[in-house]
Amino acid sequence: MPTKKYKAPLSHLLNPGHSACAGCGMIIAARLLLDTAGPNTIVTNATGCSEVTTTQYPMTSFKVPWIHSLFENPACLASGILAALKVKGLADKTNIIAIGGDGATFDIGLAHISGMWERGDNVLYVCYDNEAYQNTGYQYSSATPLDANTSTTPPGKYSEGNDQKKKDMVGIALAHGLPYIATATTGYPLDLIAKVKKALAIKGPKYLQIYTPCVPGWGIEPKDTITVAQLAVQSGFYPIVEYLNGGLSGKTKTTKKVPVENFLKLQKRFKHLFKDERGKAEIAKIQKIADKNIEKFGLLNS
Ligand SMILES: Cc1ncc(C[n+]2csc(CCOP(=O)(O)OP(=O)(O)O)c2C)c(N)n1
Ligand SMILES: [Mg+2]
């Protein structure tokens, strides 16, 4: 586990005054991302919390050039900007970062992202993964984990919440042969910063998936944002890994395996699992998923 502490700079490229919830994991990630990328950056943004909370007309929190067009197309915008910068001879001097939530990335913008990756465009695509369409009222996305209670996967007599497993977006990125792919989380800011730096230093298409707890969507206390993200990693629920040219090049290990229960019980979206025997059996299934991750990536320090 990383032990160093994060020392925040005195000014930021994402101004305060945005309307993100107190304790929002996404907004912490956004600030770390921009401060690391620096002012020579152009951002394209999908629709979602990362856009709606930062750019309420006529104001913006962004201190770098920023554009939003449609929910599904930050990748297309990024490719267009790259083409224009090439004509102007500025392509090698500017970071282009495309941003989308998990809904924009795993579901609705996936075809456009695939095209951008296939073309080999020199763009860093960042997904803020809060595991649902949180902006429009906590609906299920294909990034929603098994058994989570969302407004479209409510638990009840015949349901334990979401009955599907989370889509393997990192696997999809790997299939595109990207030179750099990583997961990170606001739970470990220094690791996140290091990955942004590394990604931007590499030419070609990059994918960074950042695990960002959502206070109202997950039903957590604002003060628990960092703790919940760390427990997700320490339990194996959300593996933090890095791939260079398709080979596993980094992983965040844990010294002591934390039971997934410790992660789940801090969140109202999993509250129904702690009611009865049926829920207990579901927790065992989630534990199996985490155990599989620990085994697959070798996450336990022995
Ligand atoms: C084509 C289209 N479909 C649906 C919407 C409505 N919509 C706007 S934001 C959003 C949810 C975004 O979810 P996600 O990408 O996960 O980002 P989050 O808000 O969770 O950060 C939806 C469904 C839209 N704007 N455009
Ligand atoms: Mg989302």
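Me: Why is A132 called buried?
Reply: Buried means under 20% relative accessible area, exposed over 50%, and partly exposed in between, with a 1.4 Å probe and protein chains only. A132 has a relative accessible area of 5%, so A132 counts as buried. This is a predicted model, in which local features need pLDDT of at least 70 and side-chain atom pairs count only at pLDDT 80 or more, while totals for chains, interfaces and linings use all residues. Residues are numbered from 1 along each chain as its sequence is written, chains are lettered from A and ligands numbered from 1 in the order in which they are written, and side-chain values use heavy atoms, with hydrogens and water left out.

Me: What makes D102, N130 and A132 the residues that coordinate the magnesium ion (ligand 2)?
Reply: Donors are N, O and S atoms within 2.8 Å of the metal (3.2 Å for Na, K and Ca); water is not among the atoms, so sites may look incomplete. D102 (OD), N130 (OD1) and A132 (O) coordinate the magnesium ion (ligand 2) at 2.0 to 2.2 Å. In sequence these donor residues follow the spacing D-x27-N-x1-A.

Me: Is N130 buried or exposed?
Reply: The relative accessibility of N130 is 10%, and N130 therefore counts as buried.

Me: Why are β2 and β8 said to stand at the edges of the sheet?
Reply: Strands (E, at least two residues) and helices (H or I, at least four) are DSSP runs numbered from the N terminus, and two strands pair if DSSP finds at least two bridges between them. The open sheet has 8 strands in the order β2-β1-β3-β4-β6-β5-β7-β8, with mixed pairing. β2 (66-68) and β8 (247-251) each have a single partner strand, so one side of each is left without a neighbour in the sheet.

Me: How do you know that β7 and β8 pair?
Reply: Strand β7 (residues 241-244) and β8 are joined over 4 bridges in the antiparallel sense. One bridge links E242 to G250 in β8.

Me: Is D147 buried or exposed?
Reply: D147 is in the loop between β4 and α6 and also has a positive phi, of about 75 degrees, without being a glycine. With a relative accessible area of 2%, D147 is therefore buried.

Me: Which elements do the buried residues of α5 pack against?
Reply: The buried residues of helix α5 (residues 110-119) are L110, I113, G115, M116 and W117. They pack against α3 (74-88), α4 (102-108), β4 (124-129), α6 (169-175) and β6 (206-211).

Me: Why does D191 count as buried, and which residues is D191 in contact with?
Reply: D191, in helix α7 (residues 189-201), has 17% relative accessibility and so counts as buried. Contact means heavy atoms within 4.5 Å. Leaving aside neighbours within four places in sequence, D191 is in contact with T183, A184, I240 and T252.

Me: How do you know that the bond from Y57 to P58 is cis?
Reply: The omega of the peptide bond from Y57 to P58 is near 10 degrees, and the bond is cis. P58 is in the loop between α2 (49-52) and β2.
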